[in-house]
Amino acid sequence: MPNTRTNSVNWNSEALGEILANGAGRPVLFTNARVLTADPVIGTMDGADVLLVGAVVVGVGPGIVTAAEDDNAIVVDCTGTTVVPAVVDSVALVGGRGRRCEYVATLTPGNAGDLLVVPDELAPDIMGAHTTLLSRPDQVRALVAAGEPVVWAGADVPGRPTPPGAGVPDAQDMTGSPRVGVWIDTNDFLHQELTADGRYDETRGGRPHAYQGRYWIDGDRIDYLDDLGFWAFGEFRGEELHHAGYVMKLGRSL
């Protein structure tokens with residue numbers, strides 16, 4: 001039997017091994033915990049379960065564990081712990097959102113599988129649990145992001161993502177990238193040239209060099225650092241570049 005004592009570095013070690021080897025996409029069930037969902041309808045439950053399938057929460061509440069064997073779920077015994085959302089929506093916590101669907105981060109079925117597991121005594125509420133994560137990370141039982149363990153039994157999980165290094169990165173070499181060129185908005189007001197050396201140069205309303213600086217592309221996201229010191233971003237959506245309310249398409253080269 002796995003050691004599930006909340007004061008043990010071996011907390012659910014066998015379950016972690018199963019999760020890391022989970023190539024078949026088995027559900028993962030965190031069971032018998034105090035669950036603070038941050039959802040205004042579901043609320044807080046004792047002796048409850050949180051079921052993840054892939055990166056999504058698919059079930060919350062007591063009794064889900066009864067189907068664990070049927071579903072070939074990986075079971076994580078959370079006796080003596082509290083489960084909270086791993087991402088804090090502070091606006092929602094103080095009632096600042098008018099609709100439930102606007103809540104950014106709750107343990108609600110259909111939402112992202114981001115959760116934090118902390119011993120009960122270190123989790124008086126959601127913010128208290130997060131304080132433990134930041135001040136006493138060795139006491140964290142699990143930190144899960146999009147269904148993937150990041151921290152387990154107070155230690156980094158092998159193979160966890162490496163966070164970006166602090167500071168402004170070096171310029172990207174964009175030679176040969178299909179996104180290099182001049183992007184022109186639908187009203188022909190904004191011309192934004194992305195050059196192969198990782199620089200951009202904007203012409204606005206015929207005014208050249210209105211903004212200039214560096215850019216970095218990560219997937220479909222582009223980040224800008226202007227020479228004036230401010231940051232901005234854009235998104236590539238198919239053949240369009242969306243930036244600050246402008247919709248641009250790749251046009252001619254300067």
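## A tour by selection

Start with Tyr-246, which is partly exposed, with a relative accessible area of 21%. Keep in mind that this is a predicted model.

**Stop 1: a stacked pair.** A pair of aromatic rings is described by two values, the distance of the centres and the angle of the planes. How far apart are the ring centres of Phe-189 and Tyr-246, and at what angle are their planes? The centres are 6.3 Å apart and the planes are at 5 degrees, so this pair is stacked. Planes under 30 degrees apart count as stacked. Now follow the chain from one ring to the other. Phe-189 sits in the loop between strand 10 (181-185) and strand 11 (190-194), while Tyr-246 belongs to strand 17 (residues 246-250). The two are 57 residues apart, and the pair links distant parts of the chain. The count of aromatic pairs in the structure comes to seven.

**Stop 2: an edge-to-face pair.** Select Tyr-200 and Tyr-224. Their ring centres lie 5.1 Å apart with the planes at 80 degrees, so the pair is edge-to-face. Tyr-200 is in strand 12 (residues 199-204) and Tyr-224 is in strand 14 (residues 221-226), 24 residues apart. Are these two residues buried or exposed? Tyr-200 counts as buried at 4% relative accessibility, and Tyr-224 is buried at 1%.

**Stop 3: other rings.** Select Trp-11, Phe-30 and Trp-152, which ring pairs link into a cluster. Then move to Phe-236 and look at the face of its ring. Which residue lies over the face of Phe-236? The residue is Arg-179, at 4.1 Å from the ring centre.

**Stop 4: salt bridges.** How many salt bridges does the structure hold? There are nine, and three of them can be visited here.

- Select Asp-39 and Arg-100, whose side chains meet in a salt bridge with an N to O distance of 2.9 Å. Asp-39 lies in the loop between strand 1 (28-36) and strand 2 (44-53), and Arg-100 in the loop between helix 2 (90-93) and strand 6 (115-119), so the pair ties together parts that are 61 residues apart in sequence. Asp-39 is buried, with a relative accessible area of 4%, whereas Arg-100 counts as partly exposed at 40%.
- Select Arg-160 and Asp-156, which form a salt bridge at 3.0 Å, N to O. Arg-160 is partly exposed at 29%, and Asp-156 is exposed at 53%.
- Select Arg-237 and Glu-235, where the closest N and O atoms of the salt bridge are 2.9 Å apart. Arg-237 counts as partly exposed at 46% relative accessibility, and Glu-235 is partly exposed at 33%.

**Stop 5: helix 1.** Select residues 13-20, which make up helix 1, and colour Ala-15, Leu-16 and Ile-19, which are buried. Where do these residues lie around the helix axis? They cover an arc of only 100 degrees, which puts them on the same side of helix 1. An α-helix has 3.6 residues a turn, so residues three or four places apart point the same way. Now show what covers these buried residues: strand 1, strand 4 (74-77) and strand 8 (148-152) are included.

**Stop 6: Thr-82.** Select Thr-82 in strand 5 (residues 81-85). Thr-82 counts as buried, at 0% relative accessibility. Its side chain makes a polar contact with the side chain of Arg-34, at 3.1 Å. Not counting residues up to four places away in sequence, the residues that Thr-82 touches include Leu-36, Leu-116, Val-118 and Asp-120.

**Stop 7: two backbone angles.** Most residues other than glycine have a negative phi. Select Asn-12, in the segment before helix 1. Asn-12 is not a glycine, yet it has a positive phi of about 50 degrees. Asn-12 counts as buried, at 1% relative accessibility. Finish at His-209, which lies in strand 13 (residues 207-218). The phi of His-209 is near 55 degrees, a positive value in a residue other than glycine.

Terms used: Residues numbered from 1 in each chain as written. Predicted model: local features only at pLDDT ≥ 70, side-chain atom pairs only at ≥ 80, totals over all residues. Heavy atoms only, no water. Phe/Tyr/Trp six-rings, centres within 6.5 Å; stacked < 30°, edge-to-face > 60°. Helix = DSSP H or I, 4+ residues; strand = E, 2+ residues; numbered from the N terminus. Buried < 20%, exposed > 50% of the residue type's maximum accessible area, 1.4 Å probe, protein only. Lys NZ or Arg CZ within 6 Å of the ring centre and 35° of its normal. Salt bridge = Lys/Arg side-chain N within 4 Å of Asp/Glu carboxyl O. Arc of directions from axis to C-beta. Contact = heavy atoms within 4.5 Å. Polar contact = N/O pair within 3.5 Å; in protein donor to acceptor, adjacent residues only side chain to side chain.
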